[in-house]
Amino acid sequence: MGSQTMLIDVHAHALSDDVVRRMVKTPGFGWPLEVTGPNRYRYAGGSPLDPLIYDVGARLDVMKRRGVTLQLLSPPPSVIANGDKVVSLDEARIFNESTAWLVAHGDGRLAGFAVPALGEPAIAADELRRAIDRHGFVGVVLSSAAGPLPLDH
């Protein structure tokens, strides 16, 4: 029996297109983004947003070309932990739904990590259990800080 190589990318970041559109419409949520064309965005007044962040079809094409069998996804770190930013329960659910959508549309080649609601520590563990049970996530993405404080503070 021959062996088959499986290449797994354990550190990839993505957002569903609906979350990117929400960032355009909702100042203070995620990144400040602007629309530059159909399904194209840029950071407010700056550089383009890489379509591989939100275009699941393009992501799968690149994975195929590179021989990546599976990618483990989470939102980009700067949308879940940024200076004074601490993810609330509502935001954690938005990001977790986003990751679940990507996984569901990933042709079996994407798996997700849950985002905890570090801004609401009393319920963060319950929300993680809910997200993992509901979406079948394979793990948790944990920032090294909650707002300006390191987690070991």
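Me: Is the crossing of α4 and α5 left-handed or right-handed?
Reply: A crossing is left-handed if the near helix is turned anticlockwise from the far one by less than a right angle, and right-handed if clockwise. Here α4 and α5 cross in the right-handed sense. This is a predicted model, in which local features need pLDDT of at least 70, side-chain atom pairs count only at pLDDT 80 or more, and totals for chains, interfaces and linings use all residues.

Me: At what angle do the axes of α4 and α5 cross?
Reply: Axes are lines fitted to C-alpha atoms, for helices over the stretch in contact, with angles from 0 to 180 degrees between N-to-C directions. The axes of α4 and α5 cross at roughly 20° and come within 11 Å. That makes the two helices roughly parallel (under 35 degrees; over 145 is roughly antiparallel, 65 to 115 roughly perpendicular, the rest oblique).

Me: Which residues make the contact between α4 and α5?
Reply: Contact means heavy atoms within 4.5 Å. From α4 come Leu 89, Arg 93, Asn 96, Glu 97 and Ala 100. From α5 come Ile 123, Glu 127, Arg 130, Ala 131, Arg 134 and His 135.

Me: Where is His 135 found?
Reply: His 135 is in helix α5, which runs over residues 121-135. Helices (H or I, at least four residues) and strands (E, at least two) are DSSP runs, numbered from the N terminus. Beyond its neighbours within four places in sequence, His 135 touches Asn 96, Glu 97 and Ala 100.

Me: With which side chain does the side chain of His 135 make a polar contact?
Reply: A polar contact pairs N or O atoms within 3.5 Å; within protein, one must be able to donate a hydrogen and the other to accept it, and residues adjacent in sequence count only if both atoms are side-chain atoms. The partner of His 135 is the side chain of Glu 97, at 3.3 Å.

Me: Is Asn 96 buried or exposed?
Reply: Buried means under 20% relative accessible area, exposed over 50%, and partly exposed in between (1.4 Å probe, protein chains only). Asn 96 has 0%, so this residue is buried. Asn 96 sits in α4. Outside the four places either side in sequence, its contacts are Phe 113, Ala 114, Val 115, Glu 127, Ala 131, His 135 and Phe 137. Asn 96 and Phe 137 are 41 residues apart in sequence, but their C-alpha atoms are 9.1 Å apart in space.

Me: What does the side chain of Glu 91 reach?
Reply: The side chain of Glu 91 reaches the backbone nitrogen of Ser 88 at 2.9 Å. Glu 91 also belongs to α4. With a relative accessible area of 14%, Glu 91 is buried. Phe 29, Lys 85 and Val 86 are its contacts beyond four places in sequence.

Me: Which residues touch the most other members of the largest nonpolar core?
Reply: In soluble globular proteins, nonpolar side chains tend to be buried together. A nonpolar core is a set of buried Ala, Val, Leu, Ile, Met, Phe, Trp, Tyr and Cys residues joined through side-chain atoms within 4.5 Å. The largest one here has 24 residues, and Leu 15, Met 23, Trp 31, Leu 49 and Phe 95 touch the most other members. Elements giving two or more residues are α1 (17-25), α3 (77-80), α4 (89-104) and β5 (110-114). The largest share, four residues, comes from α4. A second, separate core has nine residues, including Val 56, Leu 60, Met 63 and Leu 102.

Me: What is Met 23 in contact with?
Reply: Leaving out neighbours within four places in sequence, Met 23 meets Leu 15, Phe 29, Gly 30, Trp 31, Leu 33, Val 79 and Phe 95.

Me: What is the phi of Asn 39?
Reply: Phi of Asn 39 is near 60°, a positive value in a residue other than glycine. Asn 39 lies in the loop between β2 (33-37) and β3 (40-43). At 34% relative accessible area, Asn 39 is partly exposed.

Me: Where is Asp 107 placed?
Reply: Asp 107 lies in the loop between α4 and β5. Its phi, near 55°, is likewise a positive value in a residue other than glycine. Asp 107 counts as exposed, at 63% relative accessibility.

Methods: Residues are numbered from 1 along each chain as its sequence is written. Side-chain values use heavy atoms; hydrogens and water are left out.
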